[in-house]
Amino acid sequence: MNIRRHIFAVAATAMLATGAYAADIKLGVSGPFTGGSASMGVSMRDGVRLAAKEINAAGGINGNKIVLVERDDEAKNERGVQIAQELINNEKVVATLGYINTGVALASQRFYQDAKIPVMNNVATGSILTKQFPNAPENYVFRNAAPDNIQAPLIAKEAVEKRGLKKVAILADSTNYGQLGREDLEKALKGYGVTPVAVEKFNIGDVDMTSQLLKAKNAGADVILTYAIGPELAQIANGMAKLGWKKPMIGSWTLSMASFIDTAGKNGNGATMPQTYIQTPSTTAKRKAFQAAYLAEFKPKNNNIASPVSAAQGYDSVYLLAAAIKQANSTEGPKIVAALQDLKAPVDGVVITYNKPFSATDHDAIKMKDVVMGVVENGRVEFLNAEDATPKKK
């Protein structure tokens, strides 16, 4: 028996020495790669691919290769549920990365929770996501995106405190994301003693916001606050232009998406939103390296990442998970969770340097101090405040 063990150990060492891999670590990747949310989903997926490629090129995780199992959830709750069951039962993934849409995450991640398999939400921002299972002995849901209970106060602060705009209209889409975000926004405004003069809803696919905008205009609104996930945001900016009624537009991070900026054109200029990452030539060495590698690998239109936030957070999510698996020296869910909650070494990410990003009671890596405000200027997102261009260490 000892001889057999020795032979196996020598063979395993030889495999690693020659660059071969001892075993595969299968990670699920779930997001909308088609449809109205695709710019977020594809950018996230490509960020994940880039990080996995880099980690594998450097020898993998403890000598094991990352293998991505990608699935298009089409931003549909029922599709997300099907994919979760497939990835758990058939593909035997050890963790899943992704989720763009809050509703899909809420419907799907319960299957990972039951199976004791970690989920790293890298884009979905619904405040409740990491607290969906408050009575569970262990929480398998983590996130490295800015939750709405951070974004909403920043939006309210920009409108009311910084600009003195108190006649607020809220336009939110009818998805879980839009309506939960609206609730966070109303709560944040209440802290300033502000009640919206108009609160309007619209559906995914709507192409005319005239009715909602006229109600806001007739109510005397001096700013439009938005919570929506798709290109409908551009219809708000274009609708204001059509009415000859230009008011500031401040909303959640999705105003940074190409589906808004490209469709709104000049009407999108001035739109302001919270951001964890802004694609800009003037930045840190880490971000420059990420941008150069992403542009070379995926060649996005006009060298503009369709959803820079999604790409950067997708990239970082792989490194966070890899650090935990390496530290745990295991692919068992409970051991990965324990490592994530007590990461010993900092993880040098694109968004921030993650230093003890999670704990047993807090599974959200991004805090208010890690988020900056961006503004659309001539087809790009720039820093609203120049001093924010240098990312902070966490």
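## Surface and charge

The accessible surface of this chain comes to about 16100 Å², and 53% of that surface belongs to carbon and sulfur atoms. Areas like this one come from the Shrake-Rupley method with a 1.4 Å probe, and for residues only the protein chains shown count as cover. Before going on, please keep in mind that this is a predicted model: local features need pLDDT of at least 70, side-chain atom pairs count only at pLDDT 80 or more, and totals for chains, interfaces and linings use all residues. Residues are numbered from 1 along each chain as its sequence is written, and side-chain values use heavy atoms, with hydrogens and water left out.

Now for the charges. The chain carries 45 positive and 37 negative side chains, where Lys and Arg count as positive, Asp and Glu count as negative, and His and the chain ends are not counted. The centres of the two sets lie 3 Å apart, with each charge placed at NZ of Lys, CZ of Arg, CG of Asp or CD of Glu.

## Overall fold

You can find 12 helices and 14 strands in the chain. Both are DSSP runs numbered from the N terminus: helices are H or I with at least four residues, and strands are E with at least two. Along the principal axes, the C-alpha atoms fill a box of roughly 85 × 45 × 35 Å.

How does the radius of gyration fit a compact globule? For 394 residues such a globule would have a value near 21 Å, and the chain has 22 Å, which agrees. The radius is taken over C-alpha atoms, and the globule rule is 2.2 Å times the number of residues to the power 0.38.

Of the 394 residues, 55% are buried. Buried means under 20% relative accessible area, exposed means over 50%, and partly exposed lies in between (1.4 Å probe, protein chains only). Contacts, meaning heavy atoms within 4.5 Å, also tell us about the fold: among those with a separation of 6 or more, 68% join residues 24 or more positions apart.

## A look at helix 6

Helix 6 covers residues 176-190. At 1.5 Å a residue, its 15 residues should span 21 Å, and its end C-alpha atoms are 21 Å apart, which agrees. The expected span is 1.5 Å times one less than the number of residues.

Which residues of helix 6 are buried? They are Tyr177, Gly178, Gln179, Gly181, Arg182, Asp184, Leu185, Ala188 and Leu189. Their cover includes helix 4 (102-115), helix 5 (148-162), strand 6 (168-173), strand 7 (198-202) and strand 8 (223-227).

Asn176 also belongs to helix 6, and this residue is partly exposed, with a relative accessible area of 37%. Leaving aside neighbours within four places in sequence, Asn176 is in contact with Asn77, Gly103 and Gly181. The C-alpha atoms of Asn176 and Thr102 are separated by 6.3 Å, although the two are 74 residues apart along the chain.

Gly251 sits in strand 9 (residues 249-251). Is Gly251 buried or exposed? With a relative accessible area of 0%, Gly251 is buried. Beyond its neighbours within four places in sequence, Gly251 is in contact with Ile155, Thr226, Thr272, Met273 and Pro274. Gly251 and Glu183 are 68 residues apart in sequence and 13 Å apart in space, C-alpha to C-alpha.

Phe133 lies in the loop between strand 4 (119-121) and strand 5 (141-143), yet counts as buried at 16% relative accessibility. Not counting residues up to four places away in sequence, Phe133 touches Gln109, Arg110, Gln113 and Val141. Val372, in strand 13 (residues 372-377), counts as buried at 9% relative accessibility.

Where in the chain is Glu74? This residue is in the loop between strand 2 (65-72) and helix 3 (77-89). Glu74 is partly exposed, with a relative accessible area of 33%.

Asn302 is found in the loop between helix 10 (285-298) and helix 11 (308-328). Phi of Asn302 is near 55 degrees, again a positive value in a residue other than glycine. Asn302 is exposed, with a relative accessible area of 62%.
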